[in-house]
Amino acid sequence: MTARFAIAGSGPAGCYLVDALGRAAPGAVIDVFERLDEPFGLVRFGVAPDHEATRAITRVLRRPFDKGAARLHLGVEVGRDIGLASLRRDYDAVALATGAPVDRRLGVPGEELAEPSGHFIRWINGHPEAAPPARLAGARRAVVVGAGNVALDAVRLLAKHREIDCLNPLALERIDLLIRGGPEDVRFSPAELLEIGELATAWPDLDAFEDAGSEATVMLKEFSARPPGRGIPIRFHFHTQATAFLGAGRLEAVQTDRGVLPADLAVTCIGYGKAAIDGVWPTGPEPEPGLYAVGWAARGPTGTIPTNRAEARALARRMIAGLEP
Ligand SMILES: Cc1cc2nc3c(=O)[nH]c(=O)nc-3n(C[C@H](O)[C@H](O)[C@H](O)COP(=O)(O)OP(=O)(O)OC[C@H]3O[C@@H](n4cnc5c(N)ncnc54)[C@H](O)[C@@H]3O)c2cc1C
């Protein structure tokens, strides 16, 4: 009998699962339901527009669909347009590859004046549901909150605003990066830090500190030894938390536990959360018997695109092993 698989979500996790199922169960029916009118999840709407090589992975992700090994149903939201229960009835196994689409919030006063990173980067990438920031034209000072690669993406794109059509109206003179911990606590990858150090339009502005030995701290320390550069200073504020976003109707400043920073635009990059699908919270590879999850939906919002590939292969084996004889 031909096995029938349904997958909700066409991000890298869903697409890698399609590929793995297609290889492990040739001839199986595989239907992918994607809520947006465009596939590939964060590869399309999250990865920064200047990271062309990473975005080119869509060529790999689309292959099983191009070869006819699976069908892609765009504009179909599982839980809204089609129920999870009906999918479970009509298919031998169902997998949730729906990601972690909810922006985490700091929970401080005035936060509605700041842009959460998921929303901000979706907007830069032309997502149909993402509205532009309230204040863009002529904005001179930006504050970015966070200590991970998404924060560095936001800083880098802001620093290159002249080269990015939708950010071109900005007139940035300064970027302040607020980092809750010290240099030893950052989750920046060396490749992303290298890009900050090589910007033609901005320069990293750090005070000297004692190096803790990790690759990121060594790079940050090297930044701190540089003389002032040309263009926009990117001021790294370690051990600094945003405690309120200030302004009447539009952002005017960010209150931190160390003082007030004037700001026309603020972007918070503090992670993401999952969403329930028809009342089911995806957790782990098999949230309910016969219902599976993969990628950020399964393990939370950590890891890069290749992490989803290894996980999808393991899940395909588990789904096939779980088919009724
Ligand atoms: C801003 C940002 C930048 C990143 N940059 C990089 C990078 O440069 N390099 C790298 O390796 N990793 C990067 N990552 C991480 C990478 O994007 C993730 O590892 C990967 O996208 C997770 O894949 P996923 O399929 O689990 O989720 P997603 O990519 O989020 O895909 C989930 C898909 O499910 C769809 N969906 C959601 N709910 C439903 C529903 N109910 N019904 C149908 N469809 C639904 C969504 O529309 C989406 O298409 C970045 C992440 C972010 C947030």
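There are 0 disulfides in this structure, a disulfide being a pair of cysteine sulfur atoms within 2.5 Å. Take Cys 166: its sulfur is too far for a bond, because the closest cysteine sulfur, in Cys 269, is 15 Å away. Cys 269 is likewise in no disulfide. The surroundings of these two residues can be described by relative accessible area, where buried means under 20%, exposed over 50% and partly exposed in between (1.4 Å probe, protein chains only). Cys 166 is partly exposed at 24%, whereas Cys 269 counts as buried at 10%.

A word on what you are looking at: this is a predicted model, in which local features need pLDDT of at least 70 and side-chain atom pairs count only at pLDDT 80 or more, while totals for chains, interfaces and linings use all residues. Residues are numbered from 1 along each chain as its sequence is written, and side-chain values use heavy atoms, with hydrogens and water left out.

Let us turn to the ligand. It is surrounded by 31 residues, and the closest are Glu 34, Leu 42, Val 78, Trp 296 and Ile 305; a residue belongs to these surroundings if one of its heavy atoms lies within 4 Å of the ligand. By class, this shell has 14 nonpolar, 13 polar and 4 charged residues. Here Ala, Val, Leu, Ile, Met, Phe, Trp, Tyr, Cys and Pro count as nonpolar, Asp, Glu, Lys and Arg as charged, and the others, Gly among them, as polar. Several elements supply at least two residues each to the shell, namely α1 (12-24), β2 (29-34), α2 (41-45), α8 (149-159) and α12 (305-321). These helices (H or I, at least four residues) and strands (E, at least two) are DSSP runs, numbered from the N terminus.

A nitrogen atom of the ligand lies 2.9 Å from a backbone N or O atom of Val 78. An oxygen atom of the ligand is 3.4 Å from a polar backbone atom of Gly 41, and a polar side-chain atom of Asn 308 is 3.2 Å from an oxygen atom of the ligand. Taken alone, the ligand exposes 1,000 Å², and the protein buries 90% of that; such accessible areas come from the Shrake-Rupley method with a 1.4 Å probe, and for residues only the protein chains shown count as cover.

Between β2 and α2, the loop holds Phe 40, which is buried with a relative accessible area of 5%. The phi of Phe 40 is positive, near 85°, in a residue other than glycine. Another residue other than glycine with a positive phi is Asp 278, near 50°. Asp 278 sits in the loop between β15 and β16 (291-293) and counts as partly exposed at 43%.

Next, two helices. Why is α8 largely enclosed by the rest of the structure? It is so because 9 of its 11 residues are buried, with Asp 153 and Arg 156 among them. Helix α7 (residues 117-124) is also largely enclosed, since 6 of its 8 residues are buried: Ser 117, Gly 118, Phe 120, Ile 121, Trp 123 and Ile 124. These buried residues pack against α2, β5 (102-103), β6 (115-116), α8, β14 (265-268) and β15 (272-273); contact here means heavy atoms within 4.5 Å. After α7 comes Gly 126, whose phi is positive, near 80°.

Finally, look at two threonines. Thr 240 is in the loop between β10 (232-237) and β11 (242-246), while Thr 256 is in strand β12 (residues 253-256). Thr 240 counts as buried at 5% relative accessibility, and Thr 256 is buried with a relative accessible area of 5%. A polar atom of the Thr 240 side chain lies 2.8 Å from the backbone oxygen of Phe 238; the side chain of Thr 256 reaches the backbone nitrogen of Arg 258 at 2.9 Å. Leaving aside neighbours within four places in sequence, Thr 240 is in contact with residues including Leu 178, Thr 256 and Arg 258. Not counting residues up to four places away in sequence, Thr 256 touches Leu 178, Thr 240, Gln 241, Ala 242, Thr 243 and Leu 261.

Notes:
Polar contact = N/O pair within 3.5 Å; in protein donor to acceptor, adjacent residues only side chain to side chain.
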